Amino acid sequence: MEFHETANHCIECSVTQCQHHCQQENFCALNQIKVGTHEKNPSMEQCTDCLSYVKK
Ligand code: SF4
């Protein structure tokens with residue numbers, strides 16, 4: 001398993017299955033992420049996606 005040392009405390013994230021997740025803390029290790037949507041008219045938080053996600 002890959003460990004990222006530096007948590008970016010500006011990007012809280014609980015997706016531990018992502019390669020960019022910090023593991024030790026619930027934060028992303030990237031400097032920035034891209035957020036998008038898979039919906040035509042997003043109406044709730046479930047409609048949005050982290051497009052920087054990478055499967056472990
Ligand atoms: S890239 Fe997205 S899904 Fe992956 S750890 Fe960062 S914020 Fe979470």
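Predicted model: local features only at pLDDT ≥ 70, side-chain atom pairs only at ≥ 80, totals over all residues.
Colleague: Understood. Among contacts in the chain between residues at least 6 apart in sequence, what share join residues at least 24 apart?

Modeller: That share is 20%.

Colleague: And which secondary structure does the chain have?

Modeller: The chain has 0 helices and 4 strands. Read from the N terminus, the order of elements is β-β-β-β.

Colleague: What box do the C-alpha atoms fill?

Modeller: Taken along the principal axes, the box is roughly 35 × 20 × 15 Å. The chain has 56 residues, and buried residues make up 25% of them.

Colleague: How do the lining residues divide by class?

Modeller: There are 10 nonpolar, 4 polar and 2 charged residues in the lining of the largest pocket.

Colleague: Where does the ligand sit?

Modeller: The ligand sits in the largest pocket. The residues surrounding the ligand include C18, H20, H21, C28 and S52. By class, the shell around the ligand holds 8 nonpolar and 3 polar residues, with no charged residues.

Colleague: You named S52. Where is S52 found?

Modeller: S52 lies in the segment after β4. Apart from neighbours within four places in sequence, S52 is in contact with H20, L30, I33 and K34. Of these, H20, L30 and I33 also belong to the residues around the ligand.

Colleague: Is S52 buried or exposed, and why?

Modeller: S52 is buried because its relative accessible area is 17%, and buried means under 20%.

Colleague: A change of topic: where is Q17 placed?

Modeller: Q17 is in the loop between β1 (8-12) and β2 (27-28). Its relative accessible area is 48%, so Q17 counts as partly exposed, a class that runs between the 20% and 50% limits.

Colleague: Which residues does Q17 touch, not counting residues up to four places away in sequence?

Modeller: Q17 touches Y53, V54, K55 and K56.

Colleague: How many residues apart along the chain are Q17 and Y53?

Modeller: Q17 and Y53 are 36 residues apart along the chain, and their C-alpha atoms are separated by 9.0 Å. Y53 is also one of the residues that surround the ligand.

Notes:
Residues numbered from 1 in each chain as written. Heavy atoms only, no water. Helix = DSSP H or I, 4+ residues; strand = E, 2+ residues; numbered from the N terminus. Buried < 20%, exposed > 50% of the residue type's maximum accessible area, 1.4 Å probe, protein only. Contact = heavy atoms within 4.5 Å. Nonpolar A, V, L, I, M, F, W, Y, C, P; charged D, E, K, R; others polar. Near = heavy atom within 4 Å. 1 Å grid on protein atoms, 1.4 Å probe; cavity = no way out; pocket = protein on both sides within 12 Å on 5 of 7 lines; lining within 4 Å. Sits in = over half its atoms within 2 Å of the grid points.
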